[in-house]
Structure formats: C-alpha cells, structure tokens
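Here's a quick briefing to go with the model below. Have a look at the structure first, then run through the notes.

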Amino acid sequence: MGDHDDALPRSVGQVRRLHTDSAEGRRRGPAGRGVTATEAERNRRRGLIPWWRGRTWGKDLETLTRLHRSLQALDAEVDAKQEPLSAPVLLTPPDERPAAEQSVAEQSVAEQSVAEQSVAEQSVAEQSVASQDLTTPPQDLTTPPADLTTPPDEVAEEADEPELTPVADRPSPAAVAEASSAPDPAIAAIKETFRYVAEAGDKAVGFFYGQLFLRQPQLRLLFPPAMDEQRDRLFRALGRIVESLSTPDEMAAYLSQLGRDHRKYRVEPEMYEAVGVALLATLRSFARDAFTSEAEEAWTAVYQAGSSLMIKAAEEDAARSPASWTAEVVMIEHRADDIAVLIIAPDQPLPFTAGQHLTVQHPRWPRVWRPYSIARMPRDDGLLALHVKAIPGGWVSNALVHHTAPGSELVLGPPLGTMTLAGAGNRDLLCVAGGTGLSPIKAIIEQAVRESSATPRRICLYYGARRRHELYDLPDLWRLQDAYSGFELIPVTSDDPAFEGMQGNVGRVAARYMPHTDCDAYVAGPPEMVRETIKVLARSGLERDRIHFDDALLADKPRAGTGT
C-alpha cells in the first residue's frame, strides 16, 4: 500500500501506520488502525456509508476471478512439467500403496474436520469447513487498498443506498477477466508469501492469534478453550483459498455462506478489520522481504473482497433466518463401533440443498462446532440425517457417536456448501465417495433419482473404504439401485485382500473405469483422497469445471487428541 493511502477516509478502514506512542496511536490501540469510539459515533450520526456498502458483487467477483485465473496459470506451469498419469493398479499390496490412498474411510469431508473436522469429523470435515467459522476467523482483509476503495472521503449516505448487482447482470468470470497465459505477478506474490507462513506452521499461527487477541481481547470468547486444532484450522483454510480449486462464482457463494454462518458467533463487521490487520502483520513478519508493497496490496484486495461478501451476506440473512437452530435427535443407528447415523429434527424449518453441510455443536462441548454433511435430500417432514465417524481423540465426533441418544439436543448452524446437483445440468453423474464422505453424495444421488422423470441420466457411484465392514451403507444403496435402473454402484476397498469386488484407490479406480468424460463428477471423502481424485480425474480427460467438491471441507484433516 502506498503513501497515497493517507488520502483515504478513516471511515472506510484503510491502513494507516500510526506510532503507538502517539496520542492518536494510543487511542486506536496497537494496531494503529480503524476508528475510535468517538469517531464511530460521529460517523453513525452523520449517516456515513460503511466501506463495504460501497462495493458490489461484481467488484468482489472481479477480484476473486483475478486471483483464480492467476493461480490456475501458476498450477498449469507445474502440471505441464508432470508426466502423464499411468493407468492405476487395482490390486496394490498394502505396503506399496501410496499415502494418498489413505484410509478412504478415515473420514471424509473432512472425514470430518472442521467438522470434526470431520467434516474432521464428519464428512464435512468428515468432509471437513472446518468449520471455518469464526472459529476460523474470517479469512479476508477488511481494509481496502486505495485502488479498490470506492467511497469518497466522508461520504454522506444518500437516499438510494447501493444495491447488490442483480443476478442477471452479474458478470461471469469469463466476462470479468480475460484468460491470461501468464500468472499475474501480484497474485504470484500471494502464493509465494503464503508459502513462508505455511512453512512456519504453528509458530505463524500462534503469532496471528496473538496479534488478533492483543488488538481485540473480546474475540477470544468466540473460540473454544483449547486452541490447538483451531490454530491448525485457520491456515489450512487460507491454504484452500490460495489453492483456488473452486471457480470464482463458487468461492464467492461459499464466502457469502460463511458470512451467514458466522452470525452464530455474533461476529460484527468491525471484527473483520482486526482479523485482516493480524493477517497482514503475520505475513509481514514471516515473509519478510518477500512481503513487498505489491504483495500487501494483493492480499488486502483479496481479503477486502472476501470480507465484503461475508458482511453483506450476514446482514441480508439476519432479516429472514435465525443465526442457529436447536434440533432434537429422534433416532440413532450404530452401523459399526465407530460409525453412527443420526436422524435429527430441527425446531423450525431449515432449508438446504442436497449436497450441503452444516456445523453441529454438542452440549458436552459448548462453543466447539464441527461440520457434517446432510446425508439425504430435503424431505417434507424436515428431518435431517448425519453420518458420523468417531475420530480417536475427537471431541464432537465421539460425543455424537457414543454420548448421544434419542431426545438429545444439538445446535445446528446454517447450511453451507456449493456442491449441488444444479451444476451438472442434464449430464450423467460420476460419483466418488470415501468413508462418511458418502453423506453429501448420497443426498445428491437421491435428488437426481427424484428428478429422473424430467432429467433421466446415468449415475455411477464408486464407494470406497479400507475394508468391507467400513462400507456401512451398502444395504440402503442397494435398495436405491433396485429402485432406479440408471444407478450403478461399485464398492471399492483399498486394504482388504479378501474383498471380492474392486480393490485399489477409489479415485484412481473411478478415473480408470469412468463410463465417459462427458459427465459431471462429484467427489467427497477425506481431504487427501478428494485432492488425489480431483487430479486423477482431470488428468484422465474430465474437465476441471465439471468436477464438483465441497472445498470448504478440504481445509482440515483429523488429528488425534485435537478435539475433532
């Protein structure tokens, strides 16, 4: 950020480097940013427009598109140097199996993760958004760089308040930015500087939270007592954005959902600024000389776009939906010692789309949220189903599997995720599920079967686990196969020589035997299994834009003793 930043109004949250030993610096605190309480009240009385109200969906999408295209260009340079993918071996001896072939059962989306982390706990970690809740402090920087800030100095609120760009008028990624054969240097700087932070590991994450709680001590109350897993979760979430596997539209939709989800923490717009300042301070401290003014401006622009989307989505949602739902467990069925299927009834309607996940809080662990995919399509009775695998040392997953009974009360966050059937059009479906990652895949398949009279299609599901007994939902899937002739089920095990069906890495098996490439793929399971499957499907000829997954659940990986 340049010297011209001082020309920006303080009311829009620009970065100002103030000395903390000055009178103004002491009033503003160690961050040297933001507005004082007196200024905030003065601005409120004047009716000034908050900086984020001056931004539009199109402007934020343009920033995300620039990030996505440049990161894809960087990845293309790396992929071009790789050897073509050879045909997978189905019967790989256990001691030769690649690490990616990890316990497909080890959970899913996350195998839970921010979920219990499951999504580590659950597929939703179990699959895992870890929750990415402001238990994963928002991953974006609230202070707009000079060139992105639109509100003029001390702009008074006008009668016609800025509105979001209508859906029909929103530019598509292709229209927003032309494809570039070379990466944008500023975006390349984002990836390079994040590398330093990622390599620093726990030290960098601890520094970030130290900066955050120093500036805003009250934010500590939003987090669980134990911060071990939370520290891991934050930078895995940022890493997901830097990987930029999802499209700009998907990322924008995800960030909007995340903003709505953060309502359950009572997060206020001003809190995003503190998170942004702490993030910049962490990058500056660990990337050192690599954190140039161009890198700072790029990070600030991306954070500004993301936080703007989150803040506005939360504001809009507050007018029509609760921040969380209370739900009663009406049935629990143990499919194995460590796997349970829970049927729960929210206390009021909870609208969702097949393929989405939500976060769950158990009474044994207040303020600890874990993501879990909803394992059925929407029903008239409003009941939800969750597939949960207990992770060793996992707080929420073990509480749900071993300390929950009919009548138990849970708290649910709003539905999240962009992996839905709408993205497939009328094409055939190739589904790949590992462990409890089956949850969202099963919901999507049910929805496709329901719509089959209007949109007939072929559905092929490769359902993987390490051993036969971990394929816990085969009876239900067989019934679904009997009910719809266009559905084909292929069970796969990776570590069970006695299994009579397909054996090997489920993603590689699916890539080798996919019926054709003119289809859409849906992938869910442990994060490493999902990443591996995305790569092998793409290298086998399937277009990246037709490979759907819940990237929110890729941020976390279960780890014993961390509270997943």
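Cys-519 is buried, at a relative accessible area of 2% (buried is under 20% relative accessible area, exposed over 50%, partly exposed in between, with a 1.4 Å probe and protein chains only). Keep in mind that this is a predicted model, where local features need pLDDT of at least 70, side-chain atom pairs count only at pLDDT 80 or more, and totals for chains, interfaces and linings use all residues. Residues are numbered from 1 along each chain as its sequence is written, and side-chain values use heavy atoms, with hydrogens and water left out.

**Cysteines**
- There are 0 disulfides in the structure (a disulfide is a pair of cysteine sulfur atoms within 2.5 Å).
- Cys-460 is in no disulfide, and its nearest cysteine sulfur, in Cys-431, sits 8.2 Å away.
- Cys-460 counts as buried, with 3% relative accessibility.
- For Cys-519, the closest cysteine sulfur is the one in Cys-460, and at 8.8 Å that's too far for a bond.

**The sheet**
- Six strands make an open sheet in the order 11-10-9-8-12-13, paired in parallel (strands pair if DSSP finds at least two bridges between them; strands are DSSP runs of E, at least two residues, and helices are runs of H or I, at least four, numbered from the N terminus).
- Strand 11 (502–503) and strand 13 (547–548) are the edges; each has a single partner strand, so one side of each lacks a neighbour in the sheet.
- Strand 8 (residues 428–434) and strand 9 (residues 459–465) run parallel, joined by 6 bridges.
- Ala-433 has Tyr-463 as its bridge partner in strand 9.

**Helices on the sheet**
- Helix 15 (residues 506–513) packs on the sheet and touches strands 8, 9, 10 (487–493) and 11, at about 155 degrees to the direction of strand 9 (contact means heavy atoms within 4.5 Å; axes are lines fitted to C-alpha atoms, for helices over the stretch in contact, with angles from 0 to 180 degrees between N-to-C directions).
- Helix 16 (residues 527–539) also packs on the sheet, touching strand 8, strand 12 (519–524) and strand 13, and its direction makes about 160 degrees with that of strand 12.

**Whole protein and confidence**
- The protein has 16 helices and 13 strands, and 59% of its 564 residues count as buried.
- Mean pLDDT is 74, with 65% of residues at 70 or more (pLDDT is the predictor's confidence in each residue, from 0 to 100).
- Over residues 82–181, pLDDT stays under 50.
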